[in-house]
Amino acid sequence: MMIDFHSHIIPNVDDGSQSFDITKDMLKNSALEGATHICATSHYIPGEFEQQKDIYDSTFLKVKEIGQDMGINVIKGLEVYITPNLLELYNNGLIWCLNDRKYMLIELPMREFPLYTEDVFYELRLKGVTPILAHPERNFKISNNPEILKNLVEQGNLAQINAGSLTGAYGNTIKEAAEQLVKRNLVHMVGSDGHNNERRNTFIKKAFSNIKELNPELHKWIKENEINILNGEDVSPLSVRELKKASLFSRLFSKK
Ligand SMILES: [Fe+2]
């Protein structure tokens with residue numbers, strides 16, 4: 001079992017795959033990587049990519065069939081860009097959860113942490129929807145101050161890390177931020193965030209071995225819980241670890 005929680009494999013609905021041929025290549029790559037499931041989390045960005053449910057659904061079914069031929073299970077989803085009215089969009093059926101269950105993948109702007117984030121997540125949780133923050137390591141505010149993510153996680157939200165962040169695809173700064181989040185149990189699932197069949201393909205395997213090396217306990221937790229998340233079951237995340245104090249102590253200790 002290996003689940004890719006984040007990809008743009010549905011063709012022609014966002015800035016991801018631009019054809020069924022590209023989608024086929026991406027799924028082939030995904031199967032080669034050893035993924036058993038891949039979530040088709042097309043962008044939902046108001047004013048830019050607003051998915052039409054009927055178009056998404058019919059294209060999804062075609063992609064799911066292609067996946068079946070390759071032995072990979074394609075799962076419905078969206079990557080929803082945060083706005084103050086997510087609950088309203090959800091209530092009106094304009095946005096939906098992974099596998100139509102209870103977890104919703106949500107992204108923040110890259111450079112900002114909107115003040116209303118915690119409130120919007122709270123409203124969704126009251127409605128029974130658990131937010132999963134997409135690639136927090138790529139958000140400038142969070143990578144500079146992981147306490148922001150610690151608060152979100154302790155409030156009952158989850159977080160998805162991009163495989164490429166751990167393998168250096170976005171540079172060293174993001175790689176280091178990603179490693180810190182993994183060491184602190186601040187992420188709960190992995191996604192390729194695959195957009196095409198080239199550099200941003202559906203790579204995921206190496207990231208799992210990186211996580212196993214950095215934090216074996218978290219690796220085990222992910223392996224045990226990823227299917228439960230897909231099935232919309234409740235999970236109990238590992239407690240957030242405090243690494244800063246420990247490293248200060250060890251530095252003081254080593255000076256003596
Ligand atoms: Fe994405």
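# Close-up views of a predicted model

**View 1. The iron site.** Both histidine 6 and histidine 8 are buried. The model is predicted. His6 and His8 each give their NE2 atom to the iron ion. Glu79 (OE) and Asp193 (OD) are the other protein donors. The donors lie 2.0 to 2.3 Å from the iron ion. Along the chain, the donor residues follow the spacing H-x1-H-x70-E-x113-D.

**View 2. Strand β6, enclosed.** Strand β6 covers residues 158–162. Five of its five residues are buried, so the strand is largely enclosed by the rest of the structure. Leu158, Gln160 and Asn162 point one way from β6. Ala159 and Ile161 point the other way. Residues on both sides are buried.

**View 3. The strands that pair with β6.** Strand β5 (residues 130–134) runs parallel to β6, and three bridges join them. Which residue of β6 is the bridge partner of isoleucine 132? It is leucine 158. β6 also pairs with β7, again in the parallel sense and over three bridges.

**View 4. Helix α9 and its two sides.** Helix α9 spans residues 205–214. Its buried residues are Ala207, Phe208, Asn210 and Ile211.

**View 5. What α9 packs against.** The buried residues of α9 pack against several elements. Two are strands: β1 (3–4) and β7 (189–191). The helices are α7 (163–167), α8 (172–183) and α10 (216–230).

**View 6. A buried lysine in a loop.** Lysine 102 is found in the loop between α3 (86–91) and β4 (103–107). Is lysine 102 buried or exposed? Its relative accessible area is 19%, so lysine 102 counts as buried, the cut-off being under 20%. Its side chain makes a polar contact of 2.6 Å with the side chain of aspartate 234. Leaving aside neighbours within four places in sequence, lysine 102 is also in contact with other residues, including Cys97, Gly128, Val129, Thr130 and Gly232.

Note on methods. Residues are numbered from 1 along each chain as its sequence is written. This is a predicted model: local features need pLDDT of at least 70, side-chain atom pairs count only at pLDDT 80 or more; totals for chains, interfaces and linings use all residues. Side-chain values use heavy atoms; hydrogens and water are left out. Buried means under 20% relative accessible area, exposed over 50%, partly exposed in between (1.4 Å probe, protein chains only). Helices (H or I, at least four residues) and strands (E, at least two) are DSSP runs, numbered from the N terminus. Contact means heavy atoms within 4.5 Å. Donors are N, O and S atoms within 2.8 Å of the metal (3.2 Å for Na, K and Ca); water is not among the atoms, so sites may look incomplete. Two strands pair if DSSP finds at least two bridges between them. A polar contact is a pair of N or O atoms within 3.5 Å; within protein, one must be able to donate a hydrogen and the other to accept it, and residues adjacent in sequence count only if both atoms are side-chain atoms.
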